[in-house]
Amino acid sequence: MENRTSSTKTFVKNRRASLISAIFLMATSAIGPGFITQTATFTVTLGSAFGFGILASIIIDFVVQQNIWRVVSLTKMYSSDIANATIPYSGYVLAILVIFGGLVFNIGNIAGAGLGLNALVGLDPKWGGAISAFMAIYIFSSHKASHFIDRLMIGFGLLMIGLTLFVLFAAHPPIGQAFTETLFPSNIDFASITTIVGGTVGGYISYAGAHRLLDKKMVGVENIKYVSSAATRGIIVVGVMRYILFLAILGVVASGVTIDISSYAANPASQAFQAALGQLGLRIFGLILWAAALTSIIGAAYTSMTFITPFKPSITIRQRQIATIIFIICSLAIYLIMGTAPVSLLVFAGGFNGLVLPLGLTIFIFIGWKRADLMSGYYYPRWLLWSGFIVCAITWYMGAMSIVTIFNYLR
(Lines give C-alpha, C1' and ligand atoms only; values in the text may rest on other atoms or scores of the structure.)
Protein backbone atom coordinates (compact mmCIF):
# COMPACT_ATOMS: atom_id res chain seq x y z
CA MET A 1 0.00 0.00 0.00
CA GLU A 2 2.80 2.38 0.94
CA ASN A 3 4.66 1.60 -2.31
CA ARG A 4 1.53 2.26 -4.31
CA THR A 5 1.02 5.63 -2.61
CA SER A 6 4.65 6.55 -3.25
CA SER A 7 4.33 5.53 -6.90
CA THR A 8 1.19 7.64 -7.29
CA LYS A 9 2.89 10.68 -5.77
CA THR A 10 5.87 10.24 -8.08
CA PHE A 11 3.58 9.97 -11.10
CA VAL A 12 1.67 13.13 -10.13
CA LYS A 13 4.94 14.99 -9.50
CA ASN A 14 6.38 13.96 -12.87
CA ARG A 15 3.15 14.87 -14.64
CA ARG A 16 3.13 18.30 -13.02
CA ALA A 17 6.76 18.88 -14.01
CA SER A 18 6.04 17.82 -17.60
CA LEU A 19 3.05 20.16 -17.84
CA ILE A 20 4.94 23.12 -16.39
CA SER A 21 7.88 22.58 -18.74
CA ALA A 22 5.49 22.40 -21.74
CA ILE A 23 3.70 25.59 -20.63
CA PHE A 24 6.94 27.53 -20.36
CA LEU A 25 8.46 26.07 -23.53
CA MET A 26 5.43 27.31 -25.45
CA ALA A 27 5.37 30.65 -23.62
CA THR A 28 9.09 31.42 -23.85
CA SER A 29 9.15 30.30 -27.50
CA ALA A 30 6.44 32.90 -28.11
CA ILE A 31 8.02 35.59 -25.89
CA GLY A 32 11.07 36.14 -28.06
CA PRO A 33 12.77 39.15 -29.65
CA GLY A 34 10.13 39.17 -32.37
CA PHE A 35 7.37 39.27 -29.75
CA ILE A 36 9.02 42.23 -28.00
CA THR A 37 9.84 44.12 -31.20
CA GLN A 38 6.42 43.52 -32.76
CA THR A 39 4.65 44.69 -29.60
CA ALA A 40 6.76 47.84 -29.42
CA THR A 41 6.41 48.63 -33.12
CA PHE A 42 2.64 48.26 -33.23
CA THR A 43 2.14 50.09 -29.93
CA VAL A 44 4.01 53.06 -31.43
CA THR A 45 2.03 52.98 -34.70
CA LEU A 46 -1.44 52.12 -33.33
CA GLY A 47 -1.32 53.46 -29.78
CA SER A 48 -4.06 52.27 -27.41
CA ALA A 49 -5.95 50.63 -30.30
CA PHE A 50 -3.30 47.92 -30.38
CA GLY A 51 -4.90 46.55 -27.21
CA PHE A 52 -7.70 45.13 -29.37
CA GLY A 53 -5.13 43.35 -31.52
CA ILE A 54 -3.72 41.73 -28.39
CA LEU A 55 -7.18 40.66 -27.20
CA ALA A 56 -8.02 39.21 -30.62
CA SER A 57 -4.71 37.37 -30.71
CA ILE A 58 -5.30 35.85 -27.25
CA ILE A 59 -8.71 34.50 -28.32
CA ILE A 60 -7.27 33.10 -31.55
CA ASP A 61 -4.28 31.68 -29.69
CA PHE A 62 -6.53 29.88 -27.21
CA VAL A 63 -8.51 28.12 -29.93
CA VAL A 64 -5.39 27.23 -31.93
CA GLN A 65 -3.49 25.79 -28.97
CA GLN A 66 -6.45 23.86 -27.60
CA ASN A 67 -6.93 22.10 -30.93
CA ILE A 68 -3.29 21.40 -31.71
CA TRP A 69 -2.28 20.22 -28.22
CA ARG A 70 -5.38 18.01 -28.02
CA VAL A 71 -4.84 16.32 -31.40
CA VAL A 72 -1.11 15.74 -30.81
CA SER A 73 -1.85 14.22 -27.40
CA LEU A 74 -4.65 11.98 -28.66
CA THR A 75 -2.86 10.72 -31.79
CA LYS A 76 0.49 10.33 -29.97
CA MET A 77 2.30 11.53 -33.11
CA TYR A 78 4.32 14.56 -34.17
CA SER A 79 2.33 17.09 -36.17
CA SER A 80 3.94 16.41 -39.55
CA ASP A 81 3.30 12.67 -39.11
CA ILE A 82 -0.31 13.42 -38.17
CA ALA A 83 -0.71 15.49 -41.35
CA ASN A 84 0.75 12.72 -43.54
CA ALA A 85 -1.56 10.15 -41.95
CA THR A 86 -4.53 12.40 -42.73
CA ILE A 87 -3.72 13.86 -46.17
CA PRO A 88 -0.87 12.16 -48.07
CA TYR A 89 2.25 14.35 -48.42
CA SER A 90 0.69 17.28 -46.52
CA GLY A 91 3.06 16.54 -43.64
CA TYR A 92 6.05 17.18 -45.89
CA VAL A 93 4.63 20.55 -46.93
CA LEU A 94 3.85 21.48 -43.33
CA ALA A 95 7.31 20.36 -42.19
CA ILE A 96 9.10 22.42 -44.86
CA LEU A 97 7.09 25.55 -44.07
CA VAL A 98 7.48 25.19 -40.31
CA ILE A 99 11.23 24.48 -40.53
CA PHE A 100 11.73 27.44 -42.89
CA GLY A 101 9.63 29.69 -40.65
CA GLY A 102 11.59 28.44 -37.63
CA LEU A 103 14.85 29.22 -39.42
CA VAL A 104 13.73 32.76 -40.23
CA PHE A 105 12.58 33.22 -36.64
CA ASN A 106 15.81 31.78 -35.27
CA ILE A 107 17.91 34.17 -37.32
CA GLY A 108 15.84 36.90 -35.72
CA ASN A 109 16.26 35.30 -32.30
CA ILE A 110 20.05 35.33 -32.64
CA ALA A 111 19.89 38.93 -33.86
CA GLY A 112 17.74 39.75 -30.82
CA ALA A 113 20.22 38.08 -28.49
CA GLY A 114 22.94 40.26 -29.98
CA LEU A 115 20.84 43.39 -29.48
CA GLY A 116 20.07 42.32 -25.91
CA LEU A 117 23.73 41.86 -24.91
CA ASN A 118 24.57 45.13 -26.67
CA ALA A 119 22.03 46.97 -24.50
CA LEU A 120 23.03 45.05 -21.36
CA VAL A 121 26.83 45.22 -21.51
CA GLY A 122 27.69 47.13 -24.70
CA LEU A 123 28.89 44.03 -26.61
CA ASP A 124 28.92 44.16 -30.42
CA PRO A 125 25.57 42.65 -31.59
CA LYS A 126 27.21 40.06 -33.84
CA TRP A 127 29.48 38.85 -31.04
CA GLY A 128 26.50 38.81 -28.70
CA GLY A 129 24.48 36.75 -31.16
CA ALA A 130 27.33 34.30 -31.66
CA ILE A 131 27.92 33.84 -27.92
CA SER A 132 24.20 33.23 -27.32
CA ALA A 133 23.99 30.72 -30.19
CA PHE A 134 26.96 28.78 -28.80
CA MET A 135 25.34 28.76 -25.36
CA ALA A 136 22.27 27.12 -26.93
CA ILE A 137 24.53 24.64 -28.75
CA TYR A 138 26.22 23.77 -25.45
CA ILE A 139 22.83 23.09 -23.84
CA PHE A 140 21.80 20.74 -26.66
CA SER A 141 25.20 19.02 -26.53
CA SER A 142 24.70 18.09 -22.89
CA HIS A 143 23.40 14.69 -21.84
CA LYS A 144 21.13 16.64 -19.46
CA ALA A 145 19.72 18.81 -22.24
CA SER A 146 16.10 18.09 -21.30
CA HIS A 147 16.71 19.11 -17.67
CA PHE A 148 18.55 22.31 -18.73
CA ILE A 149 15.80 23.32 -21.13
CA ASP A 150 13.00 22.86 -18.59
CA ARG A 151 14.75 24.83 -15.83
CA LEU A 152 15.93 27.61 -18.15
CA MET A 153 12.50 28.15 -19.69
CA ILE A 154 10.76 28.44 -16.32
CA GLY A 155 13.39 30.69 -14.72
CA PHE A 156 13.76 33.09 -17.63
CA GLY A 157 10.00 33.19 -18.23
CA LEU A 158 9.35 34.41 -14.67
CA LEU A 159 12.29 36.84 -14.88
CA MET A 160 10.94 38.49 -18.05
CA ILE A 161 7.46 39.00 -16.61
CA GLY A 162 8.81 40.42 -13.33
CA LEU A 163 11.15 42.92 -15.00
CA THR A 164 8.50 44.09 -17.47
CA LEU A 165 6.06 44.70 -14.61
CA PHE A 166 8.71 46.88 -12.95
CA VAL A 167 8.99 49.02 -16.10
CA LEU A 168 5.20 49.16 -16.40
CA PHE A 169 4.85 50.81 -12.99
CA ALA A 170 7.55 53.33 -13.90
CA ALA A 171 5.94 54.24 -17.25
CA HIS A 172 2.50 55.28 -15.84
CA PRO A 173 0.43 54.23 -18.87
CA PRO A 174 -3.14 55.52 -19.52
CA ILE A 175 -4.71 52.26 -18.32
CA GLY A 176 -8.33 53.40 -18.62
CA GLN A 177 -7.89 54.47 -22.23
CA ALA A 178 -6.02 51.26 -23.02
CA PHE A 179 -8.81 49.08 -21.60
CA THR A 180 -11.48 51.05 -23.51
CA GLU A 181 -9.60 50.72 -26.81
CA THR A 182 -8.99 47.03 -26.13
CA LEU A 183 -12.75 46.41 -26.14
CA PHE A 184 -13.85 49.21 -28.52
CA PRO A 185 -10.94 49.97 -30.87
CA SER A 186 -10.79 53.13 -32.94
CA ASN A 187 -8.63 51.32 -35.50
CA ILE A 188 -8.34 47.63 -36.50
CA ASP A 189 -5.19 46.63 -38.35
CA PHE A 190 -5.24 43.10 -39.85
CA ALA A 191 -1.51 43.02 -40.60
CA SER A 192 -0.65 43.71 -36.96
CA ILE A 193 -3.05 41.00 -35.70
CA THR A 194 -1.74 38.46 -38.24
CA THR A 195 1.83 39.30 -37.25
CA ILE A 196 1.36 39.01 -33.49
CA VAL A 197 -0.73 35.85 -33.87
CA GLY A 198 2.12 34.46 -35.98
CA GLY A 199 4.59 35.56 -33.32
CA THR A 200 2.56 33.87 -30.57
CA VAL A 201 1.20 30.65 -32.07
CA GLY A 202 2.25 30.79 -35.72
CA GLY A 203 4.69 28.42 -37.38
CA TYR A 204 6.67 26.25 -35.00
CA ILE A 205 5.33 27.96 -31.84
CA SER A 206 1.92 26.27 -32.22
CA TYR A 207 3.54 22.89 -31.74
CA ALA A 208 6.27 23.62 -29.16
CA GLY A 209 4.40 22.71 -25.98
CA ALA A 210 2.46 19.85 -27.58
CA HIS A 211 5.62 18.20 -28.91
CA ARG A 212 7.31 18.67 -25.53
CA LEU A 213 4.47 16.76 -23.86
CA LEU A 214 4.73 14.09 -26.55
CA ASP A 215 8.44 13.66 -25.84
CA LYS A 216 7.61 13.32 -22.14
CA LYS A 217 4.88 10.73 -22.87
CA MET A 218 2.10 12.95 -21.52
CA VAL A 219 -0.39 11.71 -24.10
CA GLY A 220 -3.63 9.80 -24.49
CA VAL A 221 -7.26 10.27 -23.50
CA GLU A 222 -6.40 9.78 -19.82
CA ASN A 223 -4.25 12.95 -19.86
CA ILE A 224 -6.43 15.16 -22.04
CA LYS A 225 -7.79 17.21 -19.12
CA TYR A 226 -4.26 18.12 -18.01
CA VAL A 227 -3.10 18.83 -21.56
CA SER A 228 -6.05 21.17 -22.14
CA SER A 229 -5.35 22.98 -18.87
CA ALA A 230 -1.67 23.37 -19.74
CA ALA A 231 -2.52 24.86 -23.15
CA THR A 232 -4.78 27.43 -21.48
CA ARG A 233 -2.15 28.37 -18.93
CA GLY A 234 0.47 28.79 -21.63
CA ILE A 235 -1.74 31.27 -23.47
CA ILE A 236 -2.44 33.13 -20.21
CA VAL A 237 1.30 33.51 -19.55
CA VAL A 238 1.87 34.85 -23.07
CA GLY A 239 -1.18 37.12 -22.95
CA VAL A 240 -0.19 38.66 -19.61
CA MET A 241 3.35 39.31 -20.84
CA ARG A 242 2.13 40.84 -24.11
CA TYR A 243 -0.33 43.15 -22.35
CA ILE A 244 2.02 44.42 -19.64
CA LEU A 245 4.69 45.04 -22.30
CA PHE A 246 2.09 46.93 -24.36
CA LEU A 247 1.10 49.05 -21.36
CA ALA A 248 4.73 49.79 -20.47
CA ILE A 249 5.52 51.04 -23.96
CA LEU A 250 2.17 52.83 -24.27
CA GLY A 251 3.00 54.83 -21.15
CA VAL A 252 6.16 56.13 -22.82
CA VAL A 253 4.41 56.87 -26.12
CA ALA A 254 1.53 58.66 -24.36
CA SER A 255 4.00 60.88 -22.51
CA GLY A 256 5.05 62.41 -25.83
CA VAL A 257 8.37 60.61 -26.36
CA THR A 258 9.14 60.05 -30.06
CA ILE A 259 10.27 56.49 -30.80
CA ASP A 260 12.06 55.64 -34.03
CA ILE A 261 10.71 52.49 -35.72
CA SER A 262 11.90 52.98 -39.31
CA SER A 263 15.67 53.52 -39.39
CA TYR A 264 18.17 50.68 -39.82
CA ALA A 265 19.37 50.95 -36.22
CA ALA A 266 15.88 51.37 -34.75
CA ASN A 267 15.16 49.41 -31.57
CA PRO A 268 11.76 50.68 -30.41
CA ALA A 269 11.46 48.64 -27.20
CA SER A 270 14.93 49.71 -26.10
CA GLN A 271 14.07 53.37 -26.65
CA ALA A 272 10.86 53.01 -24.64
CA PHE A 273 12.54 51.31 -21.68
CA GLN A 274 15.33 53.89 -21.66
CA ALA A 275 12.81 56.73 -21.78
CA ALA A 276 11.00 55.24 -18.78
CA LEU A 277 14.01 54.49 -16.54
CA GLY A 278 17.12 55.97 -18.17
CA GLN A 279 20.22 53.78 -18.22
CA LEU A 280 18.62 51.32 -15.77
CA GLY A 281 15.75 50.89 -18.23
CA LEU A 282 18.22 50.20 -21.03
CA ARG A 283 19.96 47.51 -18.95
CA ILE A 284 16.63 45.95 -17.96
CA PHE A 285 15.59 45.89 -21.60
CA GLY A 286 18.88 44.25 -22.53
CA LEU A 287 18.39 41.51 -19.95
CA ILE A 288 14.77 40.88 -20.96
CA LEU A 289 15.61 40.80 -24.66
CA TRP A 290 18.60 38.50 -24.17
CA ALA A 291 16.61 36.10 -21.95
CA ALA A 292 13.76 36.11 -24.47
CA ALA A 293 16.16 35.51 -27.34
CA LEU A 294 18.10 32.67 -25.73
CA THR A 295 14.97 30.77 -24.72
CA SER A 296 13.49 31.33 -28.18
CA ILE A 297 16.66 30.09 -29.91
CA ILE A 298 16.27 26.89 -27.91
CA GLY A 299 12.50 26.66 -28.45
CA ALA A 300 12.67 27.36 -32.19
CA ALA A 301 15.50 24.89 -32.79
CA TYR A 302 13.98 22.15 -30.62
CA THR A 303 10.49 22.39 -32.14
CA SER A 304 11.60 22.85 -35.76
CA MET A 305 13.66 19.69 -35.57
CA THR A 306 10.70 17.66 -34.31
CA PHE A 307 9.35 18.18 -37.84
CA ILE A 308 12.09 16.17 -39.56
CA THR A 309 10.47 12.82 -38.72
CA PRO A 310 8.71 12.53 -42.16
CA PHE A 311 12.15 12.67 -43.80
CA LYS A 312 13.79 10.29 -41.28
CA PRO A 313 11.17 8.29 -39.35
CA SER A 314 13.76 6.24 -37.45
CA ILE A 315 15.67 9.25 -36.11
CA THR A 316 17.03 8.81 -32.57
CA ILE A 317 17.01 11.40 -29.80
CA ARG A 318 20.79 11.85 -30.17
CA GLN A 319 20.53 12.32 -33.93
CA ARG A 320 17.82 14.91 -33.41
CA GLN A 321 20.06 16.76 -30.96
CA ILE A 322 22.80 16.85 -33.62
CA ALA A 323 20.30 18.10 -36.21
CA THR A 324 19.21 20.79 -33.75
CA ILE A 325 22.82 21.94 -33.28
CA ILE A 326 23.29 22.12 -37.08
CA PHE A 327 20.06 24.14 -37.30
CA ILE A 328 21.40 26.68 -34.80
CA ILE A 329 24.76 26.89 -36.60
CA CYS A 330 22.98 27.55 -39.93
CA SER A 331 20.84 30.26 -38.28
CA LEU A 332 23.96 31.90 -36.86
CA ALA A 333 25.85 31.77 -40.16
CA ILE A 334 22.99 33.42 -42.04
CA TYR A 335 22.64 36.10 -39.38
CA LEU A 336 26.36 36.93 -39.53
CA ILE A 337 26.36 37.44 -43.31
CA MET A 338 22.94 38.95 -43.97
CA GLY A 339 22.18 42.64 -44.31
CA THR A 340 18.50 42.89 -43.33
CA ALA A 341 17.80 45.21 -40.41
CA PRO A 342 17.07 43.12 -37.28
CA VAL A 343 13.82 44.94 -36.44
CA SER A 344 12.45 44.40 -39.96
CA LEU A 345 13.42 40.73 -39.82
CA LEU A 346 11.83 40.20 -36.41
CA VAL A 347 8.51 41.71 -37.50
CA PHE A 348 8.56 39.81 -40.81
CA ALA A 349 9.23 36.50 -39.04
CA GLY A 350 6.03 36.81 -37.02
CA GLY A 351 4.06 37.75 -40.11
CA PHE A 352 5.41 34.81 -42.13
CA ASN A 353 4.56 32.35 -39.36
CA GLY A 354 1.11 33.91 -39.21
CA LEU A 355 0.71 33.01 -42.89
CA VAL A 356 1.80 29.40 -42.18
CA LEU A 357 -0.63 29.01 -39.26
CA PRO A 358 -3.90 28.46 -41.20
CA LEU A 359 -2.46 25.54 -43.18
CA GLY A 360 -1.60 23.47 -40.12
CA LEU A 361 -4.78 24.48 -38.31
CA THR A 362 -6.93 23.43 -41.28
CA ILE A 363 -5.42 19.93 -41.17
CA PHE A 364 -5.96 19.62 -37.42
CA ILE A 365 -9.58 20.79 -37.60
CA PHE A 366 -10.21 18.23 -40.35
CA ILE A 367 -8.77 15.51 -38.09
CA GLY A 368 -11.09 16.57 -35.28
CA TRP A 369 -14.12 16.35 -37.56
CA LYS A 370 -13.35 13.26 -39.63
CA ARG A 371 -10.51 11.18 -38.19
CA ALA A 372 -11.61 9.90 -34.79
CA ASP A 373 -9.84 6.68 -35.79
CA LEU A 374 -6.50 8.44 -35.31
CA MET A 375 -7.57 9.50 -31.81
CA SER A 376 -8.64 6.13 -30.38
CA GLY A 377 -12.28 6.91 -31.17
CA TYR A 378 -12.27 10.03 -28.96
CA TYR A 379 -15.39 12.20 -29.35
CA TYR A 380 -13.98 15.64 -30.08
CA PRO A 381 -15.81 18.57 -28.39
CA ARG A 382 -17.99 20.22 -31.04
CA TRP A 383 -17.65 23.69 -29.51
CA LEU A 384 -13.90 23.44 -29.98
CA LEU A 385 -14.24 22.25 -33.56
CA TRP A 386 -16.66 25.04 -34.49
CA SER A 387 -14.53 27.70 -32.83
CA GLY A 388 -11.49 26.19 -34.58
CA PHE A 389 -13.31 26.34 -37.91
CA ILE A 390 -14.16 30.03 -37.36
CA VAL A 391 -10.60 30.90 -36.31
CA CYS A 392 -9.25 28.95 -39.28
CA ALA A 393 -11.39 31.00 -41.66
CA ILE A 394 -10.36 34.22 -39.93
CA THR A 395 -6.63 33.40 -40.15
CA TRP A 396 -6.94 32.55 -43.86
CA TYR A 397 -8.75 35.85 -44.43
CA MET A 398 -6.27 37.91 -42.40
CA GLY A 399 -3.37 36.22 -44.16
CA ALA A 400 -4.82 37.04 -47.60
CA MET A 401 -5.46 40.65 -46.55
CA SER A 402 -2.00 41.21 -45.10
CA ILE A 403 0.42 39.10 -47.16
CA VAL A 404 1.73 42.06 -49.19
CA THR A 405 2.18 44.22 -46.08
CA ILE A 406 4.04 41.43 -44.29
CA PHE A 407 6.56 40.92 -47.09
CA ASN A 408 7.02 44.70 -47.29
CA TYR A 409 8.47 44.57 -43.75
CA LEU A 410 11.69 43.23 -45.31
CA ARG A 411 12.22 46.34 -47.41
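Visitor: How many disulfides does a search of the whole structure find?

Guide: The search finds zero disulfides, a disulfide being a pair of cysteine sulfur atoms within 2.5 Å. This is a predicted model, in which local features need pLDDT of at least 70 and side-chain atom pairs count only at pLDDT 80 or more, while totals for chains, interfaces and linings use all residues. Residues are numbered from 1 along each chain as its sequence is written, and side-chain values use heavy atoms, with hydrogens and water left out.

Visitor: Is C392 buried or exposed?

Guide: C392 is buried, its relative accessible area being 8%, where buried means under 20%, exposed over 50%, and partly exposed in between, with a 1.4 Å probe and protein chains only. C330, with 39% relative accessibility, counts as partly exposed.

Visitor: OK, and how many salt bridges are there?

Guide: The structure holds two salt bridges, each defined by a side-chain nitrogen of Lys or Arg within 4 Å of a carboxyl oxygen of Asp or Glu. D215 pairs with R320, and their closest N and O atoms are 2.6 Å apart. D215 lies in helix α10 and R320 in helix α13 (residues 317-337), so this pair ties together parts that are 105 residues apart in sequence. Helices here are DSSP runs of H or I with at least four residues, numbered from the N terminus.

Visitor: How accessible are the two partners, D215 and R320?

Guide: D215 is partly exposed at a relative accessible area of 25%, whereas R320 is buried at 13%.

Visitor: And which residue does D373 pair with?

Guide: D373 forms its salt bridge with R371, the closest N and O atoms lying 2.8 Å apart, and D373 counts as exposed at 53% relative accessibility.

Visitor: Back to α10, how many of its residues are buried?

Guide: In α10 (residues 205-215), 10 of the 11 residues are buried, so the helix is largely enclosed by the rest of the structure. Among those buried are Y207, H211 and R212. After α10 comes K217, which has a positive phi near 65°.

Visitor: Changing topic, which residues make the nonpolar surface patch?

Guide: I188, F190, Y397 and M401 make a patch of about 390 Å². Patches take residues with over 30% relative accessible area and no salt bridge, joining nonpolar side chains (Val, Leu, Ile, Met, Phe, Trp, Tyr) within 5 Å and like charges within 9 Å, and the areas come from the Shrake-Rupley method with a 1.4 Å probe, with only the protein chains shown counting as cover for residues.

Visitor: Where is I188 found?

Guide: I188 sits in the loop between α8 (175-183) and α9 (190-201), and at 45% relative accessibility I188 counts as partly exposed.

Conventions: Helices (H or I, at least four residues) and strands (E, at least two) are DSSP runs, numbered from the N terminus.
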